[in-house]
Amino acid sequence: MASSLIAAAVDLGASSGRVVLGRIGPDQLECQLVHRFPNEPIDVKGRLSWDIEALWDGVLTGLREANRHGAVESIGIDSWGVDYGLLDDQGMLLAPPAHYRDSRTTGVMERVRAQVGDAFLYEATGLQFIAINTLYQLLAERPEDLERAQTLLLIPDLLCYRLGGTIGAERTIASTTQLYDVAAGTWSDAVFEAVGLPRRLVPPLREPGEQLGPLRPELRSRLGVTDRVLLTTVASHDTASAVAAVPAEDEHFAYISCGTWSLVGVELDAPVRTQESLAANFTNEVGVDKTIRYLRNVTGLWLLQESLRHWRDTGDEVALEQVLEAAQHEPPLRSVIDAESDEFLPPGDMPGRIRAYCRRTGQPEPTTPAAVTRCVLDSLALAHARVIRLAERLSGRRVDVVHIVGGGAQNTLLCQLTADACGRPVVAGPVEATAIGNLLVQARAAGVVRDRAHGRELVRRTQSLRRYEPRDHERWLPHLS
């Protein structure tokens, strides 16, 4: 095995991107943020789109900065799922990639479901029904663009193509499209045929941890790197990278990748595609080593983030640290909301909507920022616990410990309340799970890390983790039934 690796993790989120420099060795796993840049949508002829050129510039700037801080040997890219670019027969983009929030998909999912049936799509793909899925986006494209297009590349694959010139579809990001057969591990010919999409669009699948070769010669000179720097596929879907960095000791764990959204689930060896799973809107996405990320999306810290924004906009300067401290002293479970209700998804007066929900359901209305915050965090903890209990039942996988990774791992009150609601210990951290998972797959490809278990052991030994034991679980039980 190689003794160490210096790698750059390009981690692209829906609102910002960053490049993280990692140093990985037998007893070393260090991360250094070297560049952060915004990711803001643009309007292109009336279509909400990603500014792919601005993203590309941010990636190149970050890679130059990473190489300035250390002699980079490997580069990997992860991003959000579902979005893509279409290439013509010359390998050129037909247009900037559309944003998943663009309105062109309105009504498409409902039409497809009526045409082919939920049972068929779920059996074939195991994916939850969301209007943003690649399947519905493609069906909303102009027919002439689909006719001209030769290849579809999801965002990480598109940027890998620009960096190294190779075309392929990394498996974890492909599994977000609703065009991937999660049981067979191939593109679903049945879905392509049923909806009338051209099968030629999707390139061959490739695995996390494939070394794709050096960067294009013209880029090597711009970035100041040699042909010894290898482009490596990682778990290109950001949640797959985050789950790869969960510091679990065995298979009996649940994970919560917690930020604006909470992605709550378990890691399995095979998908669950039962009618009960379909009704519960669980999704089966692929992880490292063809594991299955069996999960459900839950509204996360968006509820608190939007409340803070509203307070600031109305002249009430509420500091996050202060309101979290004050919320600890509020009565527990005095008022709770359904954190998964659609009424809390849009931006706006979140505290007002929370009060209206409590008024409508006969609960005391939280009138202060501290009371609203406590209501939000109690409600999120309940949502986490409900989904974990449901995942256990639907999958048959026992959960002994819950791992919270991502930004939410820093919210000590939410972590404790989640332990209380779940009745299980919570281990919080690492905060930088997505970048760390990206780096671990690169280190595995380079021979520094043996396997998934070895990577998780390295996270446990090197990263700052905090354990929360459950308290007063019985108090939560009436709310979980």
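1. A residue is called buried under 20% relative accessible area, exposed over 50% and partly exposed in between, with a 1.4 Å probe and protein chains only. By this criterion Tyr294 is buried, at a relative accessible area of 0%, and Phe282 is buried, also with 0%.

2. The model is predicted: local features need pLDDT of at least 70, side-chain atom pairs count only at pLDDT 80 or more, and totals for chains, interfaces and linings use all residues. Residues are numbered from 1 along each chain as its sequence is written, and side-chain values use heavy atoms, leaving out hydrogens and water.

3. Rings of Phe, Tyr and Trp (its six-membered ring) pair if their centres lie within 6.5 Å; planes under 30 degrees apart are stacked, over 60 edge-to-face, and the rest tilted. The count comes to 5 aromatic pairs. Trp50 and Trp80 form a tilted pair, because their ring centres are 4.3 Å apart and their planes at 40 degrees. These two residues are 30 residues apart, and both Trp50 and Trp80 are buried. Ring pairs join Trp50, Trp80 and Tyr100 into a cluster.

4. Phe282 and Tyr294 make a stacked pair, with 4.7 Å from centre to centre and 25 degrees between the planes.

5. A charge sits over a ring if NZ of Lys or CZ of Arg is within 6 Å of the ring centre and within 35 degrees of the ring normal. The charged end of Arg113 is placed over the ring of Phe129, 4.1 Å from its centre. Arg199 lies over the face of Phe192, at 5.9 Å from the ring centre.

Methods:
Helix = DSSP H or I, 4+ residues; strand = E, 2+ residues; numbered from the N terminus.
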